[in-house]
Amino acid sequence: MAEMDVMLDAVCLAARIMLESGGETYRAEETVEHMCRGFGIPHADVLALPTGLILTLSDGRQTHTRLIRVRTRNTNLTRLDECNAVSRKVARQELNAEEALAALQKISISATPKRILIILFGALSAAFFCVMLGGKAEDFAVAFLCGLVIHSTLPLFQRCRIPTSVAGLFAGFLTAMLAHLCNTFYPIQLEPTISGAILPLLSGLATTNAIRDTIKGDLVSGSARITEAVLTTVLLAVGICIALRLWGGTM
């Protein structure tokens, strides 16, 4: 019984890491199935959703069920890769349940990239997207400034437990207002500046995962992810439109 509990803890933690770090739902299900085979569990049924996981394991004598709620979702490819490495070792029976659980617990509490790096590279992404869209040197500088401000304020929304899609509304509004404010002091091209600044905020990964989940047959997960991506994009646009309306101008 105790050994089965450890196995359950290990496979549930692996699936949670996958879902919280931006992995597709079908990939989380496959990870659980591979690990269960590596542990020698004959029967495993798993249903992964973007917001939760239901898992039932059977050893032939007893059935054990777990329900896991996933409340936070972001993108962390390092954790995904490390979790995949552990699941592969379990599938090859190179790790037992205790060793796998210990490795996964270490991954789950591993440090995220420094906030200053996330802010810096977010600002650089905004600036270079601006150049890609036809921006000039002054537009590059303003887009970089917008990126710095937006990626510095996003953690505040997370601390206040504001949903990511709703935070996009404020981000779009703040980006357009800041670009217009800079335009009053030095003329810039508003269209590439604002567009470049918000491109890093779009849900590209969520859209990709939605398509892959749908192709795999996970229609509920695919619909949920595409709805989240569309809602985030729409609220970004609404925030920009509100700012433009207040300034009485257009892009």
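Guide: Two strands pair if DSSP finds at least two bridges between them. The model shown here is predicted.

Visitor: How many bridges join S1 to strand S2?

Guide: Strand S2 takes in residues 52–58 and runs antiparallel to S1. The number of bridges joining S1 to S2 is seven.

Visitor: Which strands stand at the edges of the sheet?

Guide: The sheet is open and has three strands in the order S1-S2-S3, with antiparallel pairing. Strand S1 (43–49) and strand S3 (63–69) each have a single partner strand, so one side of each has no neighbour in the sheet. The strands at the edges are therefore S1 and S3.

Visitor: What angle does the direction of helix H2 make with that of S1?

Guide: Within the sheet, the twist averages 5° from one strand to the next. Helix H2 (residues 25–39) packs on this sheet and touches S1 and S2. The angle between the directions of H2 and S1 is about 160°.

Visitor: Is Tyr26 buried or exposed?

Guide: Tyr26 has its place in helix H2. Its relative accessible area is 9%, and the cut-off for burial is under 20%. Tyr26 is therefore buried.

Visitor: With which side chain does the side chain of Tyr26 make a polar contact?

Guide: Leaving aside neighbours within four places in sequence, Tyr26 is in contact with Arg212, Asp213, Lys216 and Asp218. For the polar contact, the distance between the two side chains is 2.8 Å. The partner is Arg212.

Visitor: Are the rings of Phe128 and Phe140 stacked or edge-to-face?

Guide: There is one aromatic pair by the rule used. Its rings, those of Phe128 and Phe140, have centres 5.2 Å apart and planes at 80°. Planes over 60 degrees apart count as edge-to-face, so the pair of Phe128 and Phe140 is edge-to-face.

Visitor: How many residues of helix H8 are buried?

Guide: Helix H8 spans residues 190–198 and is largely enclosed by the rest of the structure. The buried residues are Leu190, Pro192, Thr193, Ile194, Gly196, Ala197 and Ile198. They pack against H5, H6, helix H7 (164–185) and helix H10 (219–247). Of the nine residues of H8, the number buried is seven.

Methods: Residues are numbered from 1 along each chain as its sequence is written. This is a predicted model: local features need pLDDT of at least 70, side-chain atom pairs count only at pLDDT 80 or more; totals for chains, interfaces and linings use all residues. Side-chain values use heavy atoms; hydrogens and water are left out. Helices (H or I, at least four residues) and strands (E, at least two) are DSSP runs, numbered from the N terminus. Axes are lines fitted to C-alpha atoms, for helices over the stretch in contact, and angles run from 0 to 180 degrees between N-to-C directions. Contact means heavy atoms within 4.5 Å. Rings of Phe, Tyr and Trp (its six-membered ring) pair if their centres lie within 6.5 Å; planes under 30 degrees apart count as stacked, over 60 as edge-to-face and the rest as tilted. Buried means under 20% relative accessible area, exposed over 50%, partly exposed in between (1.4 Å probe, protein chains only). A polar contact is a pair of N or O atoms within 3.5 Å; within protein, one must be able to donate a hydrogen and the other to accept it, and residues adjacent in sequence count only if both atoms are side-chain atoms.
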